[in-house]
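Please examine the structure shown below. The briefing that follows describes how its chains meet.

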Amino acid sequence: MPQILVEALAKTYRVAERTPGLIGAVRGLVHRQWREVWALADVSFSLEAGELLAFIGPNGAGKSTTIKILSGILRPTSGRVEVDGLVPYEDRIHHVARIGVVFGQRSQLWWDLPVIDGFDLLADIYRVEPARYRRRRDELVAMLRLEPLLDQPVRQLSLGQRMRAEFAAALLHDPTILFLDEPTIGLDAPSKLAVREFVRRLNREQGVTVLLTTHDMHDVEALAERVIVIGHGRLLVDGPFASLRAGVLAERRLYIDFVGPAPMLDIDGVTIKAREGRSLELTFNPGRLPAPKLIAAITSSHAVDDIHVEEPAIEEVIARLYELHDAHEA
Amino acid sequence: MIVNALALYARYVAASLRAQAQYPASTLMLTAGHCAATAIEILAVYALFARFGPVGGWSFGEAALFYALVNIMFSVADLLTRGFEVFGTEFVRTGAFDRLLLRPRAAALQLAGHEVRLSRLGRLLQGSLVLILSTRLVPIAWDVSTIVTAIWAVAGGVALFAGILVLQATLAFWTVESLEVANVISYGGVQAAQYPLNIYAAWFRRLLTFAVPLACVAYYPVLAVLKRPDPLGAPDWLLPLTPAAGFIFLALAFLAWRAGMARYASSGS
């Protein structure tokens with residue numbers, strides 16, 4: 001029996017159609033035109049206890065809607081969800097007592113209160129028994145190095161410090177499942193690393209099941225063995241990260257500025273995407289042709305001014321997946 | 001269950017006070033300002049009576065009694081339900097309501113504990129001072145039954161004003177923003193209920209008795225406290241029972257709130 005079970009999940013929102021202008025606004029009050037918008041069309045997956053799953057997809061793909069349904073805030077239009085034997089939106093209070101949630105964009109803490117006071121209040125809200133609370137709190141404070149921050153009001157913390165406090169706040173009641181919605185968004189590099197390291201320890205050492213959504217492929221690379229790609233409310237890929245990397249994620253982009261006009265290049269396994277004056281944009285697969293080898297080949301025969309390699313943006317990866325998905329359907 | 005909820009509420013209040021203690025000067029000035037602003041109102045009432053004499057058979061001292069009770073009720077309700085008042089702007093529109101739903105407690109309890117503003121003690125203090133003044137001006141035969149009636153009326157009034165604020169919050173599930181229209185009922189209600197009911201036109205009296213039963217928590221129980229018969233003809237035995245209407249109003253407001261919660265779960269913010 002999986003810990004999280006999602007079957008044929010669908011969610012539509014009704015959006016009011018507004019005719020522009022004053023007359024439109026008045027007409028809208030009397031007679032509203034509604035339009036159905038699909039946030040999730042047909043999503044099914046399951047998760048075993050102790051797994052770490054990353055949900056990736058562009059904005060508006062349905063990631064947050066899925067998290068909101070799984071955490072009991074939203075009721076789906078159709079489909080079935082079970083988490084640890086409970087239907088989240090039917091039994092919200094019992095359900096949320098067992099899960100922890102961290103939103104990258106939203107604080108769980110009290111802005112004007114010192115961090116420690118917020119923790120104390122959460123312990124009361126979750127009815128954590130005092131001795132247990134103190135043990136858990138001290139453990140989290142040590143893991144997240146929160147000791148020097150405890151007496152500071154939340155509003156004085158930097159974003160990176162606040163995220164560490166957010167993680168502790170979400171875990172004080174010792175949940176077995178953790179939902180993370182874009183936990184590294186806006187963080188600087190060291191803070192991102194600290195968050196990833198902490199999530200990994202939590203998952204490996206304490207067996208906490210983690211479901212995270214992200215835009216950042218480095219998050220996925222550092223953390224997840226399994227990845228779900230979601231787009232336009234549909235599941236495009238559900239599988240090990242390694243196979244995704246060997247497939248659609250394999251492509252790399254190479255940008256070169258030559259000293260003179262961009263030459264014609266004909267290298268096996270390289271596609272020329274764009275050519276403009278002295279600049280050239282190429283794509284290649286590092287699995288077949290490693291980047292150093294390609295760069296060496298180019299610089300040995302041409303004078304190069306500047307050169308850099310980029311991974312494809314997540315939006316492009318999704319677009320590629322769509323093409324593959326549509327081709328498969330047809 | 002209820003004891004635990006009350007204990008948590010007390011923790012919320014304590015946390016809220018600690019947060020305000022971070023800005024002591026601001027809190028003090030807001031409290032004093034609130035006290036002064038509301039004190040102007042009773043001066044206006046006094047000016048009215050000084051110029052025109054008794055209104056509708058009521059003296060200034062009696063009108064001050066209405067004024068004091070209504071302001072005490074409203075300030076206590078306002079103190080207890082701030083989260084509902086700012087629900088649309090601070091919770092639904094910003095998405096912060098989701099944060100409350102992620103915690104294993106009733107959303108209404110968390111909202112009630114959201115912020116208990118010390119500054120609102122200004123109105124409570126001012127109302128209490130006017131209450132003392134009015135009992136000096138009007139001979140009231142205080143005994144157990146009048147004291148119980150007065151406390152019961154204030155309790156019913158707190159429930160009624162809390163109900164109005166809950167309804168105002170409930171509207172935000174549909175409109176997202178908190179509607180200023182609802183302030184007409186809460187703040188306008190305070191103004192309307194400050195005066196004895198019999199000075200109003202019949203349709204307005206019915207509105208204040210049956211729709212938003214402000215008369216049931218102020219006018220009728222005050223008649224009972226003053227041991228005066230109702231000039232409009234309500235039977236004497238009914239007068240002390242009327243504050244129950246405040247609790248009925250609150251219960252209906254929470255039914256509407258639950259419908260709003262169900263809507264939120266299916267539509268989100």
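**Interface between chain A and chain B**

Between chain A and chain B there are 17 residue pairs in polar contact (both at pLDDT 80 or more); a polar contact is a pair of N or O atoms within 3.5 Å, where within protein one must be able to donate a hydrogen and the other to accept it, and residues adjacent in sequence count only if both atoms are side-chain atoms. This is a predicted model, in which local features need pLDDT of at least 70, side-chain atom pairs count only at pLDDT 80 or more, and totals for chains, interfaces and linings use all residues. Residues are numbered from 1 along each chain as its sequence is written, chains are lettered from A and ligands numbered from 1 in the order in which they are written, and side-chain values use heavy atoms, with hydrogens and water left out.

**Extent of the interface**

- In chain A, 30 residues are in contact with 26 residues of chain B (heavy atoms within 4.5 Å).
- About 2,600 Å² is buried between chain A and chain B, and carbon and sulfur atoms give 54% of this area; buried area is the accessible area (1.4 Å probe) that two parts lose on being put together, summed over both.

**Salt bridges**

- Chain A and chain B are linked by 4 salt bridges (a side-chain nitrogen of Lys or Arg within 4 Å of a carboxyl oxygen of Asp or Glu).
- Arg106(A) forms a salt bridge with Asp98(B), with the closest N and O atoms 3.2 Å apart.

**The side of chain A that touches chain B**

- Helix 4 of chain A gives the most to this side, with 6 residues (helices, H or I, of at least four residues are DSSP runs, numbered from the N terminus).

Key: Helix = DSSP H or I, 4+ residues; strand = E, 2+ residues; numbered from the N terminus.
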